Amino acid sequence: MVVDQVRPEQVEPDRVFHALADGTRRDIVTRTMQREYSVSALARLYPMSFAAVQKHVAVLEGAQLVSKRRQGREQLVTGNVATVRHAARLLDQFETVWRSRIERFGEILADDFPEGAPS
Amino acid sequence: MSVTSIEKDPVALTMTVTAEFDAPVERAWQLWADPRQLERWWGPPTYPATFVDHDLRPGGHVGYYMTGPEGDKPHGWWRILSVDAPHRLQFEDGFADDAGQPDPKMPTMTMRVTLEDRSGGGTTMVIVTTFPSTEAMEQLIAMGMEEGMAGALGQIDAILTA
């Protein structure tokens with residue numbers, strides 16, 4: 001049984017950071033959110049060994065960004081949509097803060113450069 | 001509208017804000033480099049920011065607090081990673097305790113600001129924020145949202161009382 005039993009709050013933030021710091025791992029998460037991939041299918045996508053890809057998947061699994069299940073001889077990998085969706089919602093909230101900051105930033109600049117004024 | 005695009009990558013945990021202004025790069029840079037001008041936009045009117053330290057040199061410390069409607073004063077800090085005036089600024093942004101000391105228990109985010117000359121005049125500003133993890137993002141946004149919501153609510157109030 002390879003289904004992860006660890007709850008999200010038990011995952012170390014450092015593990016998620018480390019997991020996503022690598023371009024191949026980010027690509028694996030993005031792909032496996034669309035559909036399930038076997039580890040061997042993933043291994044064909046990258047110029048690296050099966051063992052190296054398997055290692056990347058293990059790191060992602062440890063950070064709960066993907067989960068793995070076994071089907072016959074294949075190991076199938078699925079992206080954890082909930083984790084990524086949660087991140088997307090948080091980013092939406094952060095966007096609100098920055099939209100208003102930029103608006104104020106622009107207003108200050110517009111004060112000394114009124115629109116239409118010759119420059 | 002000054003904001004031209006906001007791209008969010010929930011896998012890489014980054015947000016990239018691109019904005020354009022008619023003012024030249026040197027003028028836009030002052031809004032980061034001069035603490036009195038910085039505090040005019042960093043916090044919303046209902047949560048204004050006051051910068052107490054502002055050492056914009058590599059390794060330099062920038063300290064600020066915001067004043068909430070209930071008199072609450074959350075403190076924040078930046079640690080300057082690199083500066084190339086008036087085009088580039090990179091810093092770590094985090095929360096501090098009530099005495100202004102960086103809180104090691106709180107996660108930090110990294111901000112990379114770029115100001116470039118826009119063809120035909122003006123400035124293109126790009127700000128890339130990188131969060132260390134979803135958990136850290138949750139914590140940082142939960143704390144930052146207090147001011148964000150206060151700002152939004154303040155604007156609604158202004159409309160209702162107009």
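## Notebook: chains A and B

**Helices on the sheet of chain A.** I began with helix 4 (residues 50-62) of chain A, which lies across strand 2 and strand 3 of chain A and runs at about 120° to strand 2 of chain A. I am working on a predicted model, in which local features need pLDDT of at least 70, side-chain atom pairs count only at pLDDT 80 or more, and totals for chains, interfaces and linings use all residues. Residues are numbered from 1 along each chain as its sequence is written, while chains are lettered from A and ligands numbered from 1 in the order in which they are written.

I noted what the words stand for. Helices (H or I, at least four residues) and strands (E, at least two) are DSSP runs, numbered from the N terminus. Axes are lines fitted to C-alpha atoms, for helices over the stretch in contact, and angles run from 0 to 180 degrees between N-to-C directions. Two residues are in contact if their C-beta atoms, placed from the backbone, lie within 7 Å.

I then looked up helix 2 of chain A. It lies across strand 1, strand 2 and strand 3 of chain A, at about 90° to strand 3 of chain A.

**Helix 4 of chain A, checked.** I compared its span with the expected one, which is 1.5 Å times one less than the number of residues. The 13 residues of helix 4 of chain A should span 18 Å, and the end C-alpha atoms are 18 Å apart, which agrees.

Which residues of helix 4 of chain A are buried? I found A:V53, A:H56, A:V57 and A:L60. Buried means that 20 or more other C-beta atoms lie within 10 Å of the residue's own; 12 or fewer means exposed, and anything in between is partly exposed, with C-beta atoms placed from the backbone. After helix 4 of chain A comes A:Q64, with a positive phi near 60°.

**The sheet of chain A.** I traced three strands in an open sheet, in the order 1-3-2, with antiparallel pairing. Strand 1 (37-38) and strand 2 (66-71) of chain A are at the edges, each with a single partner strand, so one side of each has no neighbour in the sheet. Strands pair if DSSP finds at least two bridges between them. Strand 2 of chain A and strand 3 (residues 74-79) of chain A are joined in the antiparallel sense by six bridges. Within strand 3 of chain A, A:V77 is the residue opposite A:K68.

**One residue, A:T32.** I located A:T32 in helix 2 of chain A. Is A:T32 buried or exposed? It counts as buried, because it has 23 C-beta neighbours inside 10 Å. Apart from neighbours within four places in sequence, A:T32 is in contact with A:Y37, A:V66, A:V77, A:T78 and A:G79. I also took A:T96, which is 64 residues from A:T32 in sequence and 29 Å from it in space, C-alpha to C-alpha.

**Where chain A touches chain B.** I found 32 residues of chain A in contact with 37 residues of chain B. On the chain A side, the elements that give two or more residues are helix 1 (13-20), helix 2 (23-34) and helix 5 (81-112). Helix 5 of chain A gives the most, with 23 residues. This side of chain A divides into 18 nonpolar, eight polar and six charged residues. Here Ala, Val, Leu, Ile, Met, Phe, Trp, Tyr, Cys and Pro count as nonpolar, Asp, Glu, Lys and Arg as charged, and the others, Gly among them, as polar.

**Chain B.** I listed three helices and eight strands in chain B. From the N terminus on, the elements run β-β-α-α-β-β-β-β-β-β-α. Of the 162 residues in chain B, 28% are buried.

Strand 6 (residues 88-96) and strand 7 (residues 109-117) of chain B run antiparallel and are joined by six bridges; one partner pair is B:R88 and B:T114. Eight bridges join strand 7 of chain B to strand 8 (residues 123-130) of chain B, also antiparallel. In strand 8 of chain B, B:M125 is the bridge partner of B:L115. The hairpin of strands 7 and 8 of chain B has five residues between the strands, and there B:G120 takes a positive phi near 90°. Strand 2 (residues 14-21) of chain B pairs with strand 8 of chain B over eight bridges, in the antiparallel sense. There, B:T16 stands opposite B:V128.
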